[in-house]
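Hello,

Here is the structure I promised to pass on. Have a look at it first, and then read my notes below.

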Amino acid sequence: MVGEPVIEARDLRKWYPVRGRGFASLLTRRKPEFLKAIDGITLSIRPGEVLGLAGESGSGKSTTGMTLLKLHQPTGGEVRFQGLGLLVNETNRTRLAFRRQAQIVFQNPYEALNPRYTVAQSVGEPLSIHFPHDRDRRREMLLRAMDRAGLRPSEDYLDRYPHQLSGGQLQRVAIARAISVEPRFLVADEPVSMLDVSIRAGILNLLCYFASELHMAILYISHDLSTMRHVCTRIAVMYLGRIIEQGAADTVLDAPLHPYTQALVGAVPVMAGGRTRAPSNLIGGPADAIHLPGGCRFHPRCPRAMDVCRERDPALDLVASDHEVACHLYDSLSMSAPVRGKQ
Ligand SMILES: Nc1ncnc2c1ncn2[C@@H]1O[C@H](COP(=O)(O)OP(=O)(O)OP(=O)(O)O)[C@@H](O)[C@H]1O
Ligand code: SF4
Ligand SMILES: [Mg+2]
């Protein structure tokens, strides 16, 4: 993949305070506690690349997407967009420019769209914010976005309301809205999990097209590894706020190294209300993200845990070309060369 990263995270953390920050805790001297939704992740996405972010429910996938987009403020670490740190020298102008260039498509198009807005109003809203003085340009960009999202002929959809559209058409409207301002970075958070299986491929093909033809950098969040093979160039697997394995999509899917990835790849996805349940071949569920186990945070569930796993937290190390894993089983393979995405 050519080009400098569009978006990068370095040692990114998002911790939510859960207890011990109020007046009462000052009196009782309770130690503050945090839910470590993301706990030191490093990744980068280049133009034309689709990075798949996989992992069980609660592993921190959506928080990662929201924090990269600055919709959540990070607790620590850094987000860089086109080589520049987002928090450094930020002005209203740079903030607005980033808002335009980084967009998101959510899981549920029924919630994402205002039921009182026509398609033209929904898709046109971000354009009105970012190009308030250029009506002709707005119209041109609106029609182009709808065409790119597969709403053809665009004129047939402009005056329709959400209740007059199918689920697939609604998601295409939500996508047209996100790409109307021609972003460089797009987060797609479970964009097909609420849609009928028969129309999922069409939506996923759009992501491939945006990456390959429009050179967007895309973060595709999903519990469904089988769709990742079709859509993603690279895959990162999250467990309790950390990336535990990442690399080229085929490598991670065909030769997973981490016992957790192996369990995910071997598991038939179990859906419950659009969420992933624990893979059936793993013991128990994840620990809670407030009281994390010491050493490797996966060790209570790992069928291959060793003594060292209870004592030392494994770093995400490069073990082969474009393949990183955080697991003591591969300590002897660890390559010392600095790599992209090293954590
Ligand atoms: N605003 C919040 N305040 C406190 N905790 C939160 C908040 N948002 C998320 N969390 C917690 O952070 C952790 C990660 O949540 P996140 O939604 O990122 O997971 P996910 O991998 O996207 O899960 P899913 O597959 O269910 O969408 C979870 O334990 C969740 O309960
Ligand atoms: S470090 Fe140990 S406990 Fe963690 S995944 Fe590897 S073998 Fe299992
Ligand atoms: Mg989520």
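**What I found**

Ligand 2 is surrounded by 14 residues, the closest being Cys296, His299, Cys302, Cys309 and Cys327 (a residue counts as near if its C-beta atom, placed from the backbone, lies within 6 Å). By class, this shell holds 10 nonpolar residues, three polar and one charged. Here Ala, Val, Leu, Ile, Met, Phe, Trp, Tyr, Cys and Pro count as nonpolar, Asp, Glu, Lys and Arg as charged, and the others, Gly among them, as polar.

This is a predicted model: local features need pLDDT of at least 70 and side-chain atom pairs pLDDT 80 or more, while totals for chains, interfaces and linings use all residues. Residues are numbered from 1 along each chain as its sequence is written, with chains lettered from A and ligands numbered from 1 in the order written.

Around ligand 1 there are 15 residues, and Ala37, Ser57, Lys61, Ser62 and Thr63 are the closest. That shell has four nonpolar, nine polar and two charged residues. Helix α2 provides the largest share, three residues (helices are DSSP runs of H or I with at least four residues, strands of E with at least two, numbered from the N terminus).

Now to helix α8, where Ile203, Leu204, Leu206, Leu207, Phe210 and Ala211 are buried (20 or more other C-beta atoms within 10 Å of a residue's own; exposed means 12 or fewer). Seen down the axis, the buried residues fall within an arc of 140 degrees (taken from the directions from axis to C-beta atoms), so they line one face of the helix. The face turned away carries the exposed residues Ser198, Ala201 and Ser212.

Best wishes
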